[in-house]
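Please read the following account with the model open beside it. It moves from the terms used, through the fold as a whole, to two individual residues.

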Amino acid sequence: MSARIFSPAKTAMQSGKAKTGHWVLEFDPEMRKKIDPLMGYTTSGDMRSQIKLTFDTREEAVAYAEKEGLAFRVEEPKETKRRQISYAENFRYDRRTPWTH
């Protein structure tokens, strides 16, 4: 049984940083999901795939995994690239591509 520890990124619907900055421990799936032939639902007998534990810091999540004897991997969060641009950039005379309506 293995787990991954990661810090989730903000969703596409978020403009701020609320509900980010925490760390999540979730278990890797032990068996494949299958499709129910009658209804077409996706099912699985793996109950651990439904468990997500949240921690305030990375160290707390790692300590929990080590205490429980779990094999784990830590995925570091990617650095977000913010591009500073103003509305006036649309009307610059030296644009690479012409601005049209």
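A contact, as the word is used below, means heavy atoms within 4.5 Å. With that cut-off, and not counting residues up to four places away in sequence, L53 touches W23, V24, L25 and Y64. This is a predicted model, in which local features need pLDDT of at least 70 and side-chain atom pairs count only at pLDDT 80 or more, while totals for chains, interfaces and linings use all residues. Residues are numbered from 1 along each chain as its sequence is written, and side-chain values use heavy atoms, with hydrogens and water left out.

The protein has one helix and six strands, where helices (H or I, at least four residues) and strands (E, at least two) are DSSP runs numbered from the N terminus. Read from the N terminus on, these elements follow the order β-β-β-β-β-α-β.

Four of the strands form an open sheet in the order β5-β2-β1-β6, with mixed pairing; two strands are said to pair if DSSP finds at least two bridges between them. Strands β5 (52-55) and β6 stand at the edges with a single partner strand each, so one side of each is left without a neighbour in the sheet. Neighbouring strands of this sheet are turned by 20° against each other on average, direction ignored, the axes being lines fitted to C-alpha atoms (for helices over the stretch in contact) and angles running from 0 to 180 degrees between N-to-C directions.

Strand β1 (residues 2-6) runs parallel to β6 (residues 71-75), to which five bridges join it, and the bridge partner of F6 in β6 is E75. Towards β2 (residues 23-27), β1 pairs in the antiparallel sense over four bridges, with R4 standing opposite E26 in β2. Strand β2 is in turn joined to β5 by four bridges, again in an antiparallel arrangement, and here W23 has F55 in β5 as its bridge partner. Helix α1 (residues 58-68) lies across β1, β2, β5 and β6, and runs at about 165° to β6.

Is L53 buried or partly exposed? With a relative accessible area of 26%, L53 is partly exposed, because buried means under 20%, exposed over 50%, and partly exposed in between (1.4 Å probe, protein chains only). Its contact Y64 is eleven residues away along the chain, and the C-alpha atoms of L53 and Y64 are separated by 10.0 Å.

S7, by comparison, lies in the loop between β1 and β2 and is buried, with a relative accessible area of 17%. The side chain of S7 reaches the backbone oxygen of H22 at 3.1 Å. Not counting residues up to four places away in sequence, S7 touches G21, H22, W23, E75 and P77.

Turning to the whole chain, the radius of gyration of the protein, taken over C-alpha atoms, is 21 Å, whereas a compact globule of 101 residues would have one near 13 Å; the globule rule is 2.2 Å times the number of residues to the power 0.38. The C-alpha trace spans about 60 × 45 × 20 Å along its principal axes. Of the 101 residues, 16% are buried, and among contacts with a separation of 6 or more, 53% join residues 24 or more positions apart.

Technical notes
A polar contact is a pair of N or O atoms within 3.5 Å; within protein, one must be able to donate a hydrogen and the other to accept it, and residues adjacent in sequence count only if both atoms are side-chain atoms.
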